2 protein chains.
Amino acid sequence: MPAISTRQQQILDFLHDYHTDRSYMPSIREIQLACSISSTSVVDYNLRLLERDGFIRRSPDISRAIELVCESEPDLVEVARVPILGAIAAGEPIPVPEASAYADEDRDSLALPPELTPRDPNNLYALRVKGYSMIDAFVTDGDIVVLRHTRDARNGDMVAAWLPMQEEATLKHFYLEGDHVRLMPANPDMEPIIVPADNVQVHGKVVAVMRRVAA
Amino acid sequence: MPAISTRQQQILDFLHDYHTDRSYMPSIREIQLACSISSTSVVDYNLRLLERDGFIRRSPDISRAIELVCESEPDLVEVARVPILGAIAAGEPIPVPEASAYADEDRDSLALPPELTPRDPNNLYALRVKGYSMIDAFVTDGDIVVLRHTRDARNGDMVAAWLPMQEEATLKHFYLEGDHVRLMPANPDMEPIIVPADNVQVHGKVVAVMRRVAA
DNA sequence: CGTTCGGGCGAACGTGCGTTCTAAATCCTA
DNA sequence: TAGGATTTAGAACGCACGTTCGCCCGAACG
């Protein structure tokens with residue numbers, strides 16, 4: 001709302017730039033130098049105005065204690081980064097998450113928004129869905145499913161399961177009942193699959209699904 | 001890889017916490033106080049080790065110039081913020097996005113990860129899905145759909161449509177054919193709906209779907 | 001036993017850096 | 001064009017804060 005003086009805009013820009021490569025703020029004298037101001041008092045004067053108008057916050061008597069409050073605009077959010085390990089399809093084995101994948105930064109990864117991030121953001125990985133075989137879990141071709149790597153599931157968990165005999169990968173709700181496993185589709189209109197417990201490999205539990213719809 | 005001493009972990013934690021509410025770093029003496037260390041030299045000693053092991057970076061002779069390099073883990077990503085306007089269910093009208101909603105910051109909003117963000121992040125809003133009536137679009141109860149507000153859709157777009165006569169909201173692919181509209185379910189197993197063109201109100205086109213699966 | 005070494009103390013030193021005061025230059029508005 | 005408000009100058013002042021140096025203590029080691 002208040003007008004932005006040329007000087008103040010210049011200072012604001014410098015603050016932003018400086019803060020991006022170092023992660024701390026410049027001193028008054030550094031601002032003075034960068035903005036070609038001939039006195040520290042002028043810097044202080046303008047900083048005072050910037051604070052009054054709500055662009056920055058300052059803590060008195062503390063070095064480099066300038067906080068950019070306006071810069072919350074281009075929204076920065078803390079997100080969890082999740083590696084995309086590959087694809088999941090009905091007829092292909094589910095890729096096994098290797099420990100190396102988590103450290104590997106140069107492979108595909110996905111930014112998980114806070115709304116989708118579980119309490120514990122560890123051991124997560126993502127898979128692209130290929131084909132239309134996961135329809136009963138409301139998942140379709142092109143979707144991305146986010147999984148937490150785990151070998152044992154608890155009843156009711158939605159899991160990514162590999163059925164060796166059928167050579168099939170699927171997403172279902174997991175229920176262990178004695179020596180067999182019941183796999184319940186998420187879609188109530190569809191029938192459960194019941195298989196011997198030793199014919200199920202649980203690769204992880206589903207924590208989120210993301211889909212981008214073509215424009 | 002290097003062992004983390006108790007002291008050093010304590011300091012690291014304090015650095016992180018301090019940096020979250022102020023956005024600058026503590027001074028050596030503040031670390032000393034917070035971690036109950038009786039000398040600044042001990043703080044400096046441990047900071048030196050932390051820097052050697054790559055946990056932090058320091059700029060000599062500059063106040064509070066500590067950078068957390070390990071803390072790049074909780075990845076900061078620029079995301080688009082999208083207001084959540086309400087719910088969409090089969091029998092209820094679709095909430096109309098008001099201009100005010102975009103400016104309104106204190107209502108619910110959603111952080112859209114870059115992978116789901118369209119080229120143009122304007123006029124977006126989100127709706128919670130209630131009930132199981134959108135199953136044919138692979139959308140189920142509890143999902144969040146992200147829409148771009150638009151009144152006219154092009155053929156093939158996935159749209160949120162309100163059918164006044166049926167009093168029904170639905171997500172379908174939109175095809176205008178002469179004076180009637182064909183609404184194709186995303187699920188190929190289901191039948192299209194064909195209605196007169198004046199019995200369709202398009203409220204927006206779907207750009208993304210997000211689902212959090214209960215643990 | 002003396003030595004080395006990781007870790008902790010405490011104090012002093014010197015400079016980085018915010019602050020303040022006076023005065024001048026510039027810009028408005030009447 | 002006078003005179004107030006805004007902005008700029010320059011220079012001290014003084015605390016904040018990083019740095020350094022000598023010393024102590026217990027464990028490991030020969």
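Reader: Is Arg57(A) buried, exposed or partly exposed?
Author: Arg57(A) is partly exposed, at 43% relative accessibility. Buried means under 20% relative accessible area, exposed means over 50%, and partly exposed is in between (1.4 Å probe, protein chains only).

Reader: What kind of model and numbering is this?
Author: This is a predicted model, where local features need pLDDT of at least 70, side-chain atom pairs count only at pLDDT 80 or more, and totals for chains, interfaces and linings use all residues. Residues are numbered from 1 along each chain as its sequence is written, chains are lettered from A and ligands numbered from 1 in the order in which they are written, and side-chain values use heavy atoms, with hydrogens and water left out.

Reader: Back to Arg57(A). Which side chain does Arg57(A) meet in a salt bridge?
Author: That of Glu67(A), at 3.5 Å from N to O. The pair links distant parts of the chain, ten residues apart: Arg57(A) is in strand S1 (residues 56-58) of chain A and Glu67(A) is in strand S2 (residues 66-68) of chain A. A salt bridge here is a side-chain nitrogen of Lys or Arg within 4 Å of a carboxyl oxygen of Asp or Glu.

Reader: And is Glu67(A) buried or exposed?
Author: Glu67(A) is buried, with a relative accessible area of 7%.

Reader: What about chain B? What does Arg57(B) form with Glu67(B)?
Author: A salt bridge, with the closest N and O atoms 3.5 Å apart. Strand S1 (residues 56-58) of chain B holds Arg57(B), and strand S2 (residues 66-68) of chain B holds Glu67(B). Arg57(B) is partly exposed at 43%, while Glu67(B) is buried at 6%.

Reader: How many salt bridges are there over all chains?
Author: The count comes to 18. One of them joins Glu177(A) and Arg182(A), with the closest N and O atoms 2.7 Å apart. Glu177(A) is partly exposed, at 30% relative accessibility.

Reader: Let's zoom out. How many helices and strands does chain A have?
Author: Four helices and twelve strands. These are DSSP runs, numbered from the N terminus: helices are H or I with at least four residues, strands are E with at least two.

Reader: How much of chain A counts as buried?
Author: 47% of its 215 residues. Chain A exposes about 10800 Å², and carbon and sulfur atoms supply 50% of that. Those areas come from the Shrake-Rupley method with a 1.4 Å probe; for residues, only the protein chains shown count as cover.

Reader: Where is Asn46(A)?
Author: Asn46(A) is in helix H3 of chain A. Asn46(A) is buried, at 6% relative accessibility. A polar atom of its side chain lies 2.9 Å from the backbone oxygen of Val42(A). That is a polar contact: a pair of N or O atoms within 3.5 Å; within protein, one must be able to donate a hydrogen and the other to accept it, and residues adjacent in sequence count only if both atoms are side-chain atoms.

Reader: Which residues does Asn46(A) touch, not counting those up to four places away in sequence?
Author: Arg7(A), Gln8(A) and Ile11(A). Contact means heavy atoms within 4.5 Å.

Reader: Which element gives the most to the surface near DNA strand C?
Author: H3(B), with six residues. An N or O atom in the side chain of Ser41(B) is 2.7 Å from a base oxygen of DNA strand C. For Ser38(B), a side-chain N or O atom is 2.4 Å from a sugar or linking oxygen of DNA strand C.

Reader: And DNA strand D? How many residues surround DNA strand D?
Author: 25 residues, and the closest are Arg7(A), Ser38(A), Tyr45(A), Arg29(B) and Arg64(B). A polar side-chain atom of Arg29(B) lies 2.5 Å from a base oxygen of DNA strand D. Arg64(B) has a polar side-chain atom 2.4 Å from a phosphate oxygen of DNA strand D.

Reader: Which element supplies the largest share of the surface near DNA strand D?
Author: H3(A), with six residues.

Notes:
Near = heavy atom within 4 Å.
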